[in-house]
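Hello,

Here is the structure you were waiting for. Please look it over, then read my notes below.

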Amino acid sequence: MSKFARGYRKTSIGFGIVVCIATISLLANLSAQGFFSAPDPELLGLHQLGLDLAHAILEKDSATLLRYDRADLRAEDELALKQKDSDLYCFLFDSRCISPRPSRSVFEKLSRAHDLQISVVRGRKSSGDTHRYAQLLFYDRSQVSEKSLRSAKYLCEQSPNQIVSWSFK
């Protein structure tokens with residue numbers, strides 16, 4: 001075997017070991033984050049709900065939005081959504097009537113997204129609480145990275161401008 005062939009063989013074995021270690025590390029990290037766990041039906045259902053809500057907002061379909069509203073608020077919200085200058089209508093559909101300016105309506109944030117994504121964030125249970133909490137985040141993946149979504153500081157600073165969130169109990 002030539003000197004070149006032995007050097008190449010050692011290099012390729014070394015490179016193979018590095019690739020193997022990196023792959024194992026990546027898989028372990030993904031597994032720890034839950035990427036390989038069985039899908040949670042409740043969270044999948046929440047993602048579908050997010051798709052339905054986004055579609056309703058983009059179509060300005062108040063009836064669909066009201067189906068998901070709390071029963072004790074539905075009648076009041078139905079009246080508010082019929083008034084084009086109400087806080088609820090402005091918040092959801094019309095940035096022009098939101099104060100303080102320059103705030104953006106949910107419709108504006110979703111309709112201007114180049115790559116609209118919906119992320120379900122599983123919440124933690126507090127001690128003594130039997131409820132499950134989760135949050136839907138609607139964002140433009142061309143502007144917001146998934147890493148940014150895991151940053152509390154980023155969410156606090158940028159959420160009003162770039163991210164729409166709904167919390168669920």
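The buried residues of helix H2 are covered by several elements, including helix H3 (62-67), helix H5 (87-93), helix H6 (106-111), strand E1 (116-122), strand E2 (134-140) and strand E3 (164-168). Helices (H or I, at least four residues) and strands (E, at least two) are DSSP runs, numbered from the N terminus. Contact here means heavy atoms within 4.5 Å.

Before going on, note that this is a predicted model: local features need pLDDT of at least 70, side-chain atom pairs count only at pLDDT 80 or more, and totals for chains, interfaces and linings use all residues. Residues are numbered from 1 along each chain as its sequence is written, and side-chain values use heavy atoms, with hydrogens and water left out.

Helix H2

The buried residues of H2 are Leu 43, Leu 46, Leu 49, Gly 50, Leu 53, Ala 54, Ala 56 and Ile 57. Buried means under 20% relative accessible area, exposed over 50%, and partly exposed in between (1.4 Å probe, protein chains only). Seen down the axis of H2, the buried residues fall within an arc of 160 degrees, so they line one face of the helix. That arc is taken from the directions from the helix axis to the C-beta atoms. An α-helix has 3.6 residues a turn, so residues three or four places apart point the same way. The face turned away from the buried side of H2 carries the exposed residues Pro 41, Leu 44 and His 55.

After H2 comes Lys 60, with a positive phi near 50 degrees.

The sheet

Three strands make an open, antiparallel sheet in the order E1-E2-E3. E1 and E3 are the edge strands, each pairing on one side only. Two strands pair if DSSP finds at least two bridges between them. E2 and E3 pair over five bridges, in the antiparallel sense. Leu 136 stands opposite Trp 166 in E3. H2 packs on this sheet and touches E1, E2 and E3. The direction of H2 makes about 140 degrees with that of E1. Axes are lines fitted to C-alpha atoms, for helices over the stretch in contact, and angles run from 0 to 180 degrees between N-to-C directions.

Ser 95

Where is Ser 95 placed? Ser 95 lies in the loop between H5 and H6. Ser 95 is buried, with a relative accessible area of 10%. A polar contact of 2.3 Å joins its side chain to that of Glu 108. Such a contact is a pair of N or O atoms within 3.5 Å; within protein, one must be able to donate a hydrogen and the other to accept it, and residues adjacent in sequence count only if both atoms are side-chain atoms.

Best wishes
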